[in-house]
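Student: I would like to learn how to read an annotated site in a structure. Could you take me through one, step by step?

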Amino acid sequence: MAKIKIRNTNETITGVEQVKAFLNSQNILYEHWDIGKLPDSLRENFALNEADTRQLLAVYDEEIRDLAKRRGYLIWDVIALSDATPNLEELLKKFEQVHTHTEDEVRAITAGNGIFIIKGSGDMGYIDVEVTAGDVISVPENTPHFFTLMEDRKIVAIRLFIEKEGWIAHPFSDPEFA
Ligand SMILES: [Fe+2]
């Protein structure tokens with residue numbers, strides 16, 4: 001279940017309804033998918049082959065299409081990161097730079113953990129949103145953010161796009177991270 005930390009105040013927010021209400025107040029979509037639907041072969045599996053990927057997308061086909069219909073996504077895929085990922089360190093360095101996109105960045109986590117660090121509204125500063133299996137989050141377009149893994153250094157997520165070009169990262173220079 002997602003957990004929030006507001007960096008400036010160290011305030012934490014937990015619990016589905018509280019997390020959802022806070023993220024919605026920041027214009028950040030938050031939903032939850034039923035992880036009980038996952039077959040054992042896809043739990044704690046971070047080296048997905050093509051058949052695994054197809055199966056994962058099939059398991060959540062209804063949820064994906066529902067979200068896509070509501071929010072206009074047209075394509076989706078699966079990303080898996082773990083120590084088995086070639087160049088994981090380089091990838092993480094790239095991910096850990098503050099940036100924006102012209103589309104929202106939607107991720108449905110199906111295994112592992114990660115943190116989205118997102119610039120809050122007004123003078124709130126950055127918030128850490130820890131996500132885990134079942135969490136669905138969307139960072140709004142043009143909102144500065146970055147992503148990193150947690151201690152377990154592994155995650156599987158379904159990504160949805162309006163068009164792939166919308167996901168190009170535009171660096172956002174922020175003195176907070178200079
Ligand atoms: Fe991003």
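Student: Which residues does the UniProt annotation "binding site" cover?

Tutor: The model here is predicted, and the annotation comes from an unreviewed UniProt entry, which lists His99, His101, Glu105 and His145. Although these residues are spread over 47 residues of sequence, they cluster in space, and the largest C-alpha distance is 11.3 Å.

Student: Where is His99 found, and with which residues is His99 in contact, leaving aside its neighbours within four places in sequence?

Tutor: His99 is found in strand β5, which covers residues 99-100. Leaving aside neighbours within four places in sequence, His99 is in contact with Phe146, Ala169, His170, Pro171 and Phe172.

Student: What about the place of His101, and which residues does His101 touch?

Tutor: His101 lies in the loop between β5 and β6. Not counting residues up to four places away in sequence, His101 touches Glu141, Gly166, Trp167, Ile168, Ala169 and His170.

Student: Why is His99 described as partly exposed?

Tutor: A residue counts as buried if 20 or more other C-beta atoms lie within 10 Å of its own, and as exposed if 12 or fewer do. His99 has 19 other C-beta atoms within 10 Å, so His99 is partly exposed. His101 is also partly exposed, because 19 other C-beta atoms lie within 10 Å.

Technical notes
Residues are numbered from 1 along each chain as its sequence is written. This is a predicted model: local features need pLDDT of at least 70, side-chain atom pairs count only at pLDDT 80 or more; totals for chains, interfaces and linings use all residues. UniProt positions are given in the numbering used here, feature names are shortened, and annotations may be inferred rather than shown by experiment. Helices (H or I, at least four residues) and strands (E, at least two) are DSSP runs, numbered from the N terminus. Two residues are in contact if their C-beta atoms, placed from the backbone, lie within 7 Å.
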